[in-house]
There are 2 protein chains.
Amino acid sequence: MASMDLAHLVQDGGKIVLFVWDGLGGIQAGPNDVTELQAARTPNADRLITAGCGGLLEPVYPGVTPGSGPGHLGLFGYDPLEYQIGRGALEAVGVGFDFRHGDVAARLNFCTLDKAGHVADRRAGRIPTEESKQVVAKLADAIREVDGVEVHWAPVKEHRALMVFRGEGLGDRLEDTDPQATGVPPLDVRTRDGLAETARTAEVARKVLAKARDVLADEPKANMILARGFAKRPHWPGMKERFGVRAAVVAGTPMYRGVAKLVGMEELPATNEVEKDVQSLAKAWDDYDFFFLHYKHTDKAGEDGDFDAKVHYIEEADAALPAVEQLGPDVLTVTADHSTPSAMKAHSFHPVPVLLSAKTARRDTVTEFNEVACAAGGLGLRPSMHLMPLALGHAGRLAKFGA
Amino acid sequence: MASMDLAHLVQDGGKIVLFVWDGLGGIQAGPNDVTELQAARTPNADRLITAGCGGLLEPVYPGVTPGSGPGHLGLFGYDPLEYQIGRGALEAVGVGFDFRHGDVAARLNFCTLDKAGHVADRRAGRIPTEESKQVVAKLADAIREVDGVEVHWAPVKEHRALMVFRGEGLGDRLEDTDPQATGVPPLDVRTRDGLAETARTAEVARKVLAKARDVLADEPKANMILARGFAKRPHWPGMKERFGVRAAVVAGTPMYRGVAKLVGMEELPATNEVEKDVQSLAKAWDDYDFFFLHYKHTDKAGEDGDFDAKVHYIEEADAALPAVEQLGPDVLTVTADHSTPSAMKAHSFHPVPVLLSAKTARRDTVTEFNEVACAAGGLGLRPSMHLMPLALGHAGRLAKFGA
């Protein structure tokens, strides 16, 4: 089934909430040999899926492990294979930087170089955010322009930062300088194509990185930067244009806000405390048709390999559901951008469970919200990018196709 | 999964019957909170699916509600997103009009204009077919040619009629004149592109509609026409060419015959009385490889919001199954073009249940023919356009692909 352009079918309809429990899916592990979601008590999700329907979503492609960007784009109805974006662009939008078309952003890691100039620590001892901010300020003060190209800097979190070049005729087809290993020097800024704009931008980057090394020479830990994911801001049609919805994001972590804003969502206040975040959604309830509510902690626990913590956070997210229901969404979906099994301590390719609650839902036999029960659900196993059209359909937002 | 060209694989094989219970799928409703199909006693379909296999079909795209044309095209193995057709063309073929390539057809509604020229009733009080025929005859007598373009007229049913322009260099990129509202005048004939042939055809249409208003001025109810769905006959490869089958349609309602004939099916006598329609199929049994048998009443009951009537008609269709089985089809499939839940009184986007009965079927666990049971079926959840290749495969009509 090819991807369908729905723009000519969109009409007014009900409100939709997409509640993402990041990294929700798991595999069986632990003493009881169950997934985190099977182990968790989720009375609210179980109630919703009993009256609604369930299924499994495959974020990008069978067997392919999604990054956070592609994982979310699929849920927003954007085919991740068609809508690709570099990490730098995602970070730039996510931290609220005024990221303009034509700018080239890169994500930075502060790192520690030894005396031989080899990378000793790729994350500079995970320096705290406060320290990182000071080092970024030093860079921002010292390096503002190179070869007529403006250089902007912004701190992110811990050892991470953002660098943005602004000028005419820049290219973003540059390789990472992070060698992904210690004991070797940072990589040169290599180009991926033969265009003059790429070569020019690589030269700017080389000069900036050399200056940064001088500026940071006295730092005990963060004495160099590694650049990754050079990228421009993509030109994408927004959710209003494609799906006819005024969309808003409540996400306490910059990256998720970033990807949401790339598809035209407006940003609402967020804290990563789920009760407060639901209140943020409540305050803006009348102003939007579609709400993306992001819950981060499940993914973090999965990446930490902490089965019990993931169970705990799943239960915390479940407990927030009644407050979301009270707002009266016409369609409420709960799912994930990807699986993060604590047994794997990483994102994985496994499909994610999804529940869809709506008056127009066709009830299936599923009475528990978990990966195994959802495999028998009425929504079937399908690409994540099908969730958005399904939500629109259940909300009465798509007109009949053809006579 | 991209659509596959099967033409080079086709070979002789068994006979296939596609029995469409129009609008079959539902959602839970009524005192027992079940779908119409769950409520109905369907001993024959249950027996067939127990020995065969079941699944769910998604007609056009997730969340998208199909019209009758796209819904059926999917079942015939034609991707509805690739094979699109205007309502006028569908109606022209459906009423048996000699609709030629180059002709432009429009579907007409008789309507009632008030003294101010505003639409008072978009359906002219749903005048009976007999009255409509007389009014159409009046138009056909008075308006035969405009600017060198032949104008043909045909009655359809109740307040509906057909208008066809025939001449060189006509275009069909014209908007509807039906304002879809009362208290406003009919819309002008607007064009969707800047081509000269479109502009010329719009001018012809304007003159025809102005003349029609004069001709109908004295009619008490049907004193004007509204035109919708201007369309030419599409150039499509037929089922013989694509799938190697001589195909026939038994459908008592013009629209379904129409769409079947667009893919090369030949028309057999039909009444919308299912027992007689099965006999029609029996009489032509030796002459075709593929039979499309259409059953309309289930959809009508769903659109009327009549749960009990839909249950009744499902049972009537089920009772007709033994007579179809007696013909000895190698593959018998029962499914629908789309769902029409009586709770929604309209077509819906919900997947439709399908059963496939064949000696070559792999039995699954499904023992009841309904939407919920079929979600666990061996055929899975898939696009409707996959049913035709599955039927061909089960009928031994597709050769091995590759060595």
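In chain B, eight strands line up as an open sheet in the order 10-9-11-1-12-13-2-14, with mixed pairing. Helices (H or I, at least four residues) and strands (E, at least two) are DSSP runs numbered from the N terminus, and two strands pair if DSSP finds at least two bridges between them. At the edges of this sheet sit strand 10 (266-267) and strand 14 (380-383) of chain B, each pairing on one side only. Strand 10 of chain B runs parallel to strand 9 (residues 247-250) of chain B, over two bridges, and there Ala248(B) has Glu266(B) as its bridge partner.

The model is a predicted one: local features need pLDDT of at least 70 and side-chain atom pairs count only at pLDDT 80 or more, while totals for chains, interfaces and linings use all residues. Residues are numbered from 1 along each chain as its sequence is written, and chains are lettered from A and ligands numbered from 1 in the order in which they are written.

Chain A has an open sheet of eight strands too, again with mixed pairing and the order 10-9-11-1-12-13-2-14. Strand 10 (266-267) and strand 14 of chain A are the edge strands with a single partner strand each, so one side of each has no neighbour in the sheet. Further in, strand 2 (residues 53-58) and strand 13 (residues 352-358) of chain A pair in the antiparallel sense over five bridges, with Val352(A) in strand 13 as the bridge partner of Leu57(A). Helix 2 (residues 43-51) of chain A packs on the sheet and touches strand 2, strand 12 (331-335) and strand 13 of chain A; its direction makes about 65° with that of strand 13. Such angles run from 0 to 180 degrees between N-to-C directions, with axes as lines fitted to C-alpha atoms, for helices over the stretch in contact.

Next come the domains, whose bounds come from an automatic or database domain assignment. Chain A splits into domain 1 (7-85 + 237-394) and domain 2 (90-232), and the C-alpha centres of the two lie 33 Å apart. Their contact takes nine residues from domain 1 of chain A and seven residues from domain 2 of chain A; residues are in contact if their C-beta atoms, placed from the backbone, lie within 7 Å. On the domain 1 side, helix 8 (residues 254-262) of chain A gives the largest share, seven residues. By class, that side has five nonpolar, two polar and two charged residues. Here Ala, Val, Leu, Ile, Met, Phe, Trp, Tyr, Cys and Pro count as nonpolar, Asp, Glu, Lys and Arg as charged, and the others, Gly among them, as polar.

Strand 7 (residues 160-166) of chain A is mostly covered, with six of its seven residues buried. A residue is buried if 20 or more other C-beta atoms (placed from the backbone) lie within 10 Å of its own, exposed if 12 or fewer, and partly exposed in between. Strand 7 of chain A pairs in the antiparallel sense with strand 3 (residues 104-113) of chain A over six bridges, where Phe165(A) is the bridge partner of Val104(A). Strand 6 (residues 149-155) of chain A also pairs with strand 7 in the antiparallel sense, over six bridges, and Pro155(A) stands opposite Ala161(A). Strands 6 and 7 of chain A form a hairpin with four residues between them, and Glu158(A) in the turn has a positive phi of about 50°. Elsewhere, Pro128(A) sits in the loop between strand 4 (119-121) and helix 5 (129-142) of chain A, and is exposed, with 11 other C-beta atoms within 10 Å.

In chain B, helix 4 (residues 87-94) has eight of its eight residues buried. These pack against helix 3 (68-75), strand 3 (104-113), strand 7 (160-166), strand 8 (224-232) and helix 8 (254-262) of chain B. Just after helix 4 of chain B, Gly96(B) takes a positive phi of about 85°.

As for the chains together, 24 residues of chain A are in contact with 30 residues of chain B. Helix 14 of chain A gives the most to the chain A side, with four residues, and that side has eleven nonpolar, eight polar and five charged residues. Chain A superposes on chain B by a rotation of 124° with 0.0 Å of shift along its axis (RMSD 0.2 Å), using least squares on the C-alpha atoms of residues with pLDDT of at least 70 in both. The two copies are thus related as by a three-fold rotation axis. They use different surfaces: 8% of the contact residues of chain A recur in chain B.

How values were computed:
Contact = placed C-beta atoms within 7 Å.
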